[in-house]
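I opened this model to look up how its chains are built and where they meet. These are my notes, in the order in which I went through it.

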Amino acid sequence: MAKSETLSGKEMLTEKKKFNVFDMIGGIFKPILIVIIGAGVLQALRDILVQVGAISRVSSSYIFLDGLGSAVFYFLPIFLAISSANVFKATPFLAAAVAAFLLFPSITNLYSWANSVGWDLTLFGKIPITYVKYESSVLPIILIVFFQSKIEPLLKKIIPDLLRSILFPVLTLFITCIAGIIILGPIGTWLGDGLALVITWLNSKLPWLVPTLVGAASPFLVITGSHYSLFPVATQNLAQLGYDTVLMPGMMASNIALAGASFAVAIRAKQKSYKSYCASSGITSFFGISQSSLYGIAIPLKKPLIASVIGGGVAGFYAGIMNMRAQSFITPGLLSLVGYSTPTSNLINAVICIVIAFAATFILTFVLGFEEPSKETVRELTGEPISESEKQEIIDKAEELEATAREAEEALGDAGMEVTRATIASGASRLGQAAGLVSPSEEENKEEEDQVQKADEQEGGDA
Amino acid sequence: MKRLCALLLILVCFLGISACKKSGEDKVFTSYVPPKTAAVNEDIQVDETNHITIVDTKTITPNPDKPDEKILIVTYDWKNGSGSQKVTHGSFLMTAKQDGVALQPNLKHVDDKFKLVKPIQGGETLKGIQQGFVLLSDNDVTLSIKGNMLVVFDNGVPKGSYPVEVSVAVN
C-alpha cells in the first residue's frame, strides 16, 4: 500500500503536532458557512430596506425579514455545537442539545432578568452562576463541546453496557450543561469584561490607539465573542457624548478590510465556485456581516487574515488620529456611513478610512498570496453537489479498488485450499501409520512436514 | 412524475391562498395596547394581565464618605391578573435609564429582595416590591416596565411590543 495512504504511529504524532487553532476554527466553521452567508445577505438586505425607508423597524415585515437573517446568528451555538462535535469527536446531537439548553427561552429570560434587576443567580442555592449572553455566542459552546468530547469516553468506560443507553445521554447532558453554565460558558464573558476595562482605560489615556487595536483585532474579538463586551461601552458613549470612538470606527475598518481580502481572493482564486463564494462574502462584509469572510476565507487561508489585521489596523489608526466619530449604532459597514454624516469632514474621514481599509488589505492579500483550498473544502463551503465527471471518477476508482479486493480474495482462497489439502494428506498419512497400513520413508515424512509447515506459514502471512 | 408533483404543489398553494380570501367581514386581530408613558401612583397595565403601581421613589447615599454614590430605590405593587401562580420573573421587567444610559441594578439596600422571587396566586397583589439602581447624576430617571407580550396588535396592525416609560425625579 502506498505510504501516503496510511500513517504510522510516528507520522500520526507528527500530524497531531501540525494541528493548530486556525485549523480547528476552520474545521468548525466550514460546514456552517453556507447558512452564515445566506443569513448575512438577508441581514444586509434588511438594513438596505430600512435605510431607504421601504420598511419600518416596527412593522411586521421587518420582524419577518429580521427573523430570516437573525435567526441563524441567534441560534449560532446550535450550529457550532454540531460542527464542533464533529471536529472533537463528540456526539453531535448531544452537543446540539447542550446548545439548545443554553438558548432555551426560560434560561435566557432568567439570565436577562437577573442581570437587569441585579439578582445573583445560584444553582442549588450555593453555586454562583455568572451572567452570559449565549445568543450568537461562539467561544462558550466550542469550549463546552470540547469538554463534552473529553467526558464522553470516560463515561463510556465507567457506565456498564446494560445501562449505557439510558445513563450515557443523561450523564453527558447533565455534566456538560452544569459545567458549561458554571465554568466554561462564563470564560468568554470574563475575557470580554477584562477587555472592556482595558479598552475603557486606554480610551481615557490614548484615544487614538483604541480604533487601531479594534481595527486590527476585530477578527479575534469576533471569534471569541468578546466584541459584545464593547457594545455597552459604545452605547454609553453614544448616550453620554453623542458619539462613539471606541467600537464603531475600528469595527468598520475591520469589516471593510475583510471585504478587501475577500475580493482579492475572489480575483486570484482559480475555482469558479470559490470565486463566487469569496465575492458573496466580500459583499456581505461591505455591509458589516463579515463572518463568512472571516471563517471561510481569512482563517482557513491564514495570509488574508494577516492582511486584514494589517489593513484594519492601519485604517483604524487613521480613524483614531482623525478622531472619527460614529453618531449612531448601525452595523459597521458601508451603510454606517450615515452615522458619520456630520460634520462633513467626519464623513470624508470615514470614506478615506474605508478606502484605506479596502485598498491596503486588497493589495496585501495580492502580495502575500495564499494557498487555494482543496475542491472538497470548497464544496463543503459552498454546499455545491459533485459534478458528473467527478462522480464518474469516484465510480472508476471504486471499481478499481473492488477488482483489487477480488484478486486478493481469490489469492487467499487458493492459499486456503492448499492448506486444507496438505492437512488432509498429513492426517491420512498419520492415520495409515497408526493403523500399520503404511510405513513411510524418511523422505516422505520430511516432505510432508515441509509441506504442512509451508502451508501454515502461508496461511499465517495471509491472515 | 416531477412535473405532476410540481403541478400538485402549485394547486395546493393556490387552494391555500384562495382560502385566505375575504369572506364577508374582515378578520381583525386585537390585543391589549399598553400606554407609551405613565406616571407614579398610576395603575399601569403593562400587558394583558400584569398591573404595576409605583408607590414611592427615594434616593439614598449608602456610604456617607462617598456622597456622590447614590442609589434610587423604587417601591411598587404588582397585581398578577393572570389565572395562575407567577413570580415577577417572566411576568414583567423593570429597568432604568438616566441620560439615555442604562443604570446598574443594585439590590443591596432594598428591604426584602426576595419579594422579587415570591410566587403570587392569580388575581393577587404583592405590595412593596423594591428595586435599586445606581445613579449617574441628579437628572431625572426613566423607568421602563416591559410586560411579557412579544407583539401588540395596534388597530389590527401587528407591531413589536414596547415598555411603558415612567419618568421619576431624583430627590
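Before looking at any sheet I wrote down that two strands pair if DSSP finds at least two bridges between them. Helices (H or I, at least four residues) and strands (E, at least two) are themselves DSSP runs, numbered from the N terminus. I also noted that strands of a sheet pair through backbone hydrogen bonds, either parallel or antiparallel.

**Entry 1: what I am looking at**

Residues are numbered from 1 along each chain as its sequence is written, and chains are lettered from A and ligands numbered from 1 in the order in which they are written. This is a predicted model, for which local features need pLDDT of at least 70 and side-chain atom pairs count only at pLDDT 80 or more, while totals for chains, interfaces and linings use all residues.

**Entry 2: the antiparallel sheet of chain B**

I counted 1 helix and 11 strands in chain B, and from the N terminus the order of its elements is α-β-β-β-β-β-β-β-β-β-β-β. Four of the strands form an open sheet in the order E2-E3-E4-E7 (chain B), with antiparallel pairing. E2 and strand E7 (125-134) of chain B are at the edges with a single partner strand each, so one side of each has no neighbour in the sheet. From one strand to the next the twist averages 35°, where axes are lines fitted to C-alpha atoms (for helices over the stretch in contact) and angles run from 0 to 180 degrees between N-to-C directions.

I then followed this sheet pair by pair. Strand E2 (residues 43-45) and strand E3 (residues 50-60) of chain B run antiparallel and are joined by 3 bridges, and a hairpin of 4 residues leads from E2(B) to E3(B). Between E3(B) and strand E4 (residues 71-80) of chain B, also antiparallel, I found 10 bridges. E4(B) and E7(B) pair in the antiparallel sense over 8 bridges, with Tyr76(B) and Ile129(B) as bridge partners.

**Entry 3: the mixed sheet of chain B**

Which order do the 5 strands of the mixed sheet follow? They form an open sheet in the order E1-E11-E8-E5-E6 (chain B), and its edge strands are strand E1 (37-38) and strand E6 (101-102) of chain B, each pairing on one side only. Within it, strand E5 (residues 93-98) and strand E8 (residues 141-146) of chain B run antiparallel over 6 bridges, and Leu93(B) has Lys146(B) as its bridge partner in E8(B).

**Entry 4: chain A and its confidence**

Chain A has 19 helices and 2 strands. Its pLDDT (the predictor's confidence in each residue, from 0 to 100) averages 83, and 89% of the residues score at least 70. Over residues 1-15 of chain A pLDDT stays under 50, and the model has 3 contacts beyond four places in sequence for them; two residues are in contact if their C-beta atoms, placed from the backbone, lie within 7 Å. I keep in mind that where pLDDT is low, the predicted coordinates should not be read in detail.

A residue is buried if 20 or more other C-beta atoms lie within 10 Å of its own, exposed if 12 or fewer, and partly exposed in between, with C-beta atoms placed from the backbone. Buried residues make up 36% of the 463 residues in chain A, and 22% of the 171 residues of chain B.

How far apart are the end C-alpha atoms of helix H16 (residues 344-368) of chain A? They are 36 Å apart, which agrees with the 36 Å that its 25 residues should span at 1.5 Å a residue, the expected span being 1.5 Å times one less than the number of residues. The buried residues of H16(A) include Asn349(A), Cys353(A), Phe358(A) and Leu364(A), and what covers the buried residues includes helix H12 (248-268) and helix H15 (303-321) of chain A. After H16(A) comes Gly369(A), with a positive phi near 70°.

**Entry 5: where the chains touch**

The contact takes 13 residues from chain A and 15 residues from chain B. On the side of chain A, helix H4 (60-74), helix H7 (105-117) and helix H11 (231-240) each supply at least two residues, and the largest share, 5 residues, comes from H7(A). That side divides into 7 nonpolar, 6 polar and no charged residues, where Ala, Val, Leu, Ile, Met, Phe, Trp, Tyr, Cys and Pro count as nonpolar, Asp, Glu, Lys and Arg as charged, and the others, Gly among them, as polar.
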